[in-house]
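Dear colleague,

Please find below the structure for your review. My notes on it follow directly after.

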Amino acid sequence: MKYLGVAALLWLTGCASIDQPGSPNSAHAPQPPTTVQVDGAAIPAGPRQAIIPTGPLSPITSAELRSGTVTLQLPPADLWERIRRGFAMPDLDSDLVRDREQWYVTRPDYIQRMTERSSKYLFHIVEELEVRGMPTELALLPYIESAFNPQAVSVAKAAGMWQFMPATGTYFELKQNIFRDDRRDVLASTRAALDYLQKLYGMFGDWHLALAAYNWGEGSVSRAIQRNQRAGLPTGYMDLSMPNETRYYVPKLQAVKNIVARPERFSTELPLIENHPYFQMVDLAHDIDVALAAQLADVSPEDFRALNPAMNKQVILAAATPQILLPWDNALVFKRNLDARGKGQHASWGAWAVPSTMTVAAAADRVGMSEADLRSVNSIPPRMLIKAGSVLVVPRSGKMGDVAGHLADSASLQLAPEIVTRRTVVKAARKDTVASLARRYRVTTAQVAEWNDISASAALRAGQAVTLFLPVRATVARKSVAARSATRQVAPSARQPVARKRSAR
């Protein structure tokens, strides 16, 4: 039996020795032994080495287990240890790293909040990295990007714990509409971030340069490398000329890595994060209010949104979000409570596509809401019109079913400035027509005819008063032009100084 066990161990060792870029099996990782001892004899332990037993099989004894003949790989005690075992990036040693270490160490409360927040997401990220054969240091990157806050939004409008810009998020298929923003979604954003990092590593062949490109942009890093190449200079991360934010980017990650690797050296205590999933996915068959989903799962609204941060509105649409994430022990609670609730609507909010451009007041009247409530629910600022084709979140009527997939997946709210008009009377000049006045004041011929109760082809007399309804800005501009004209007529001597000022500019 022991020969069979050793043969199986050697076969697995051969299978596990295939290198992947950036994986723990790469050149700098510890190498497996070249031989193993069997009954006191050294047997080669190379890949695909088979051992054929020739005698009777017997079980491995306890003494042999204790003797070191068989090496046991114990599972990691916690997730931190699992992350440490997967470190595979070359270390960066510089004064900037030490500077960032000192920055973190002098802020223990910040480290505590940041690491406790990460406990919901780290297991999933580490699992994804290991499946792809990527260095587990990358699981620490959201500490640098967002302090593991999936609701974080930068001044440049990057969002989520991986901080995707809108255009980059779209490139990596992260949906962004009025109902959800996948840049904040735990699963979708992690998938996109790892896709992007793999793409960058494939471009540069160096994890430090890939990280610089993640922060600064691949085009910027490529141009910096080309500048150094033309100047005959090295092209490593520390050799390139780059903005300070990017210069400190990898040192920040290295500092966090060093603290995770040896917390006792920095007098830091990391919170326990168990090496098991924090959440699991639960399928949704129908639309459901966010508040009701949290209630049925017996979790607080804050904890629910921490795992489902992509939701922009009060309702989750099953057509676009067919699964939600719940703490591991609460998933079964949610299923039981949902089944006990029975059939019927679980959402009090739905979606309405605006058929034509209209005011907020008109839209509110159509859907049976107050104008203030419609503005609040849909985040519509004052003095704006709702353009045709926009989708609004509205109360769900008894006849309204689940929101259709095309609305849930691409709904957008498009606004236009509400035009405030003022009644203005102008005098027709000689040879003026309804059409010429309409062109001059940028309105339609039909409008001029309607405002004055005349036909579009009616003849106008010189000096005839014509009523127009013009935008306030246009009215102000017209009066300003008239005032300047009157000033020139009253004080012609003022024209010369004006002309000199213009020529001076």
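This is a predicted model: local features need pLDDT of at least 70, side-chain atom pairs count only at pLDDT 80 or more; totals for chains, interfaces and linings use all residues.

Residues are numbered from 1 along each chain as its sequence is written, and side-chain values use heavy atoms, with hydrogens and water left out.

Overall composition

The chain has 23 helices and 13 strands. Helices (H or I, at least four residues) and strands (E, at least two) are DSSP runs, numbered from the N terminus. Of the 505 residues in the chain, 42% are buried. Here buried means under 20% relative accessible area, exposed means over 50%, and partly exposed lies in between (1.4 Å probe, protein chains only). Among the contacts with a separation of 6 or more, 67% are accounted for by residues 24 or more positions apart, a contact being heavy atoms within 4.5 Å.

The pair α9 and α10

Two packed helices are described by the angle between their axes and the distance between the axes. For helix α9 (residues 186-204) and helix α10 (residues 207-216), the axes come within 8 Å and cross at roughly 125°. Axes are lines fitted to C-alpha atoms, for helices over the stretch in contact, and angles run from 0 to 180 degrees between N-to-C directions. The two helices are therefore oblique to each other; angles under 35 degrees count as roughly parallel, over 145 as roughly antiparallel, 65 to 115 as roughly perpendicular and the rest as oblique. The crossing of α9 and α10 is right-handed, that is, the near helix is turned clockwise from the far one by less than a right angle.

On the α9 side, the contact is made by A193, Y196, L197, L200, Y201 and F204. On the α10 side, W207, L209, A210, L211, A213 and Y214 take part. The residues of this contact divide into 12 nonpolar, no polar and no charged. Ala, Val, Leu, Ile, Met, Phe, Trp, Tyr, Cys and Pro count as nonpolar, Asp, Glu, Lys and Arg as charged, and the others, Gly among them, as polar.

Helix α10 is mostly covered, with eight of its 10 residues buried: W207, H208, L209, A210, L211, A212, A213 and Y214. Their cover includes α7, α9, α11 (218-230), α12 (244-247) and α13.

Individual residues

D185 lies in the loop between α8 and α9 and, at 21% relative accessibility, counts as partly exposed. D185 touches T190 and A310, leaving aside residues up to four places away in sequence. The C-alpha atoms of D185 and N308 are separated by 6.5 Å, although these residues are 123 residues apart along the chain.

H124, in helix α6 (residues 122-132), is buried at a relative accessible area of 17%.

K157 lies in the loop between α7 (141-145) and α8 (166-171) and is exposed at 55% relative accessibility. S267 is found in the loop between α13 (249-261) and β3 (279-283), and is exposed with a relative accessible area of 71%.

With kind regards
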